[in-house]
Amino acid sequence: MSAHERPSPRRPYVRPMAGWWRRDPFFMRYMVREATAVAVLAYAVVLCVGVVRLSQGEAAWRGWVAALQAPWSVLLHLVLLVAFAVHAKSWFEIMPKTMPALFMHGRRVAASTITRCGWALAAVASVVVLALATWATA
């Protein structure tokens, strides 16, 4: 047996990975932000089921709408709303860090300004969608 084939008497360092994200507040926020993406997926599935039910006819559509009005569904939607708010908050805070540098009049636009503009545009879009939905059902 050559020197290269003999096992080393040293034990390798094994980094403990259990609960790594709970040790640092930064990673806790990161994991919460990532977990809120599951809420986005869940609501996408709810909407896709609605589209499928719509394609199956009026009775299937009315059954889906009735299911959405059940107490468990309302509770689910409230939980999803909170998760969406956390998701949106985190993404609007990340937006200035992920987009290219933005300059106006030769000066860099502050990160807080970019975040506030994102919130303002989201609020305007929400009001427009609410107005259209209200108008369509009137």
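Tutor: Let's start with a definition: a crossing is left-handed if the near helix is turned anticlockwise from the far one by less than a right angle, and right-handed if clockwise. This is a predicted model, where local features need pLDDT of at least 70, side-chain atom pairs count only at pLDDT 80 or more, and totals for chains, interfaces and linings use all residues. Residues are numbered from 1 along each chain as its sequence is written, and side-chain values use heavy atoms, with hydrogens and water left out.

Student: OK, how does H1 pass H3?

Tutor: In a left-handed crossing.

Student: Why are H1 and H3 called oblique to each other?

Tutor: They pack at about 130 degrees, with axes 8 Å apart. Under 35 degrees is roughly parallel, over 145 roughly antiparallel, 65 to 115 roughly perpendicular, and the rest oblique. So H1 and H3 come out as oblique.

Student: What makes arginine 62 and glutamate 58 a salt bridge?

Tutor: The term needs a side-chain nitrogen of Lys or Arg within 4 Å of a carboxyl oxygen of Asp or Glu. Here the closest N and O atoms are 2.7 Å apart, so the pair is a salt bridge. Both residues sit in helix H2 (residues 58-68), 4 residues apart.

Student: Why is arginine 62 called exposed?

Tutor: Buried means under 20% relative accessible area, exposed over 50%, partly exposed in between (1.4 Å probe, protein chains only). Arginine 62 has 54%, so it's exposed.

Student: And what does methionine 17 count as?

Tutor: Its relative accessibility is 47%, so methionine 17 counts as partly exposed.

Notes. Axes are lines fitted to C-alpha atoms, for helices over the stretch in contact, and angles run from 0 to 180 degrees between N-to-C directions. Helices (H or I, at least four residues) and strands (E, at least two) are DSSP runs, numbered from the N terminus.
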